[in-house]
Amino acid sequence: MSPTASTTRRYFGTDGVRGVVGETLTDELVERIGRAATIWAGRGRVVVGRDTRGSGPALEAALARGIADAGGTALLAGVLPTPAVALLAQD
């Protein structure tokens with residue numbers, strides 16, 4: 001099944017990936033997002049930022065696995081505001 005606009009809006013907001021951890025936002029989905037982002041970036045470097053919620057480290061690890069699986073390099077920036085991630089990604 002290919003994603004539709006409503007599916008895309010369900011997971012992606014203006015400040016990043018959205019969902020209920022363990023329900024709609026699973027490790028499997030986050031790994032798939034990591035693989036897709038890496039392919040989109042040309043299998044290069046992908047900047048990963050997160051917030052302070054308790055689920056952050058596990059989601060960061062799942063994203064990094066997906067990035068590595070697709071042949072990319074995850075640049076783990078740690079806890080940062082979204083604009084800082086965007087700024088780092090420009091480099």
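Predicted model: local features only at pLDDT ≥ 70, side-chain atom pairs only at ≥ 80, totals over all residues.

Modeller: Start with Glu60: once its neighbours within four places in sequence are set aside, Glu60 is in contact with Val48, Arg50, Leu76 and Gly78.

Colleague: What makes these residues count as being in contact with Glu60?

Modeller: Contact means heavy atoms within 4.5 Å, and Val48, Arg50, Leu76 and Gly78 meet that for Glu60.

Colleague: Why is Glu60 called buried?

Modeller: Its relative accessibility is 14%. Buried means under 20%, so Glu60 counts as buried. Glu60 sits in helix H3, residues 56-69, and the buried residues of that helix also include Leu59, Ala62, Leu63 and Ile67.

Colleague: How do you know that the span of H3 is close to the one expected?

Modeller: H3 has 14 residues. The expected span is 1.5 Å times one less than the number of residues, which for H3 is given as 20 Å. From first C-alpha to last, H3 reaches 20 Å, so the span is close to the expected one.

Colleague: What do the buried residues of H3 pack against?

Modeller: They pack against helix H2 (27-40), strand E3 (45-50) and strand E4 (73-79).

Colleague: What makes E3 and E4 a pair?

Modeller: Two strands pair if there are at least two bridges between them. E3 and E4 have six bridges, so they pair, and they do so in the parallel sense. In one of these bridges, Gly49 has Gly78 in E4 as its partner. Together E3, H3 and E4 make a right-handed β-α-β unit.

Colleague: Which residues make up the largest nonpolar core?

Modeller: There are eleven in all, among them Tyr11, Leu25, Val46, Val48 and Leu59. H2, E3 and H3 each supply at least two residues of this core. H3 gives the largest share, four residues.

Colleague: Why is Val79 called partly exposed rather than buried?

Modeller: Val79 has a relative accessible area of 45%. Buried is under 20% and exposed is over 50%, so Val79 falls in between and is partly exposed. Val79 lies in strand E4 and touches Arg50, Asp51 and Thr52, not counting residues up to four places away in sequence. Val79 and Asp51 are 28 residues apart in sequence, yet their C-alpha atoms are 5.2 Å apart in space.

Colleague: What makes Arg43 worth a remark?

Modeller: Most residues other than glycine have a negative phi. Arg43 is not a glycine, but its phi is positive, about 60°. Arg43 is placed in the loop between H2 and E3.

Methods: Residues numbered from 1 in each chain as written. Heavy atoms only, no water. Buried < 20%, exposed > 50% of the residue type's maximum accessible area, 1.4 Å probe, protein only. Right-handed = clockwise from strand over helix to strand, strands pointing away. Core = buried A, V, L, I, M, F, W, Y, C linked by side-chain atoms within 4.5 Å.
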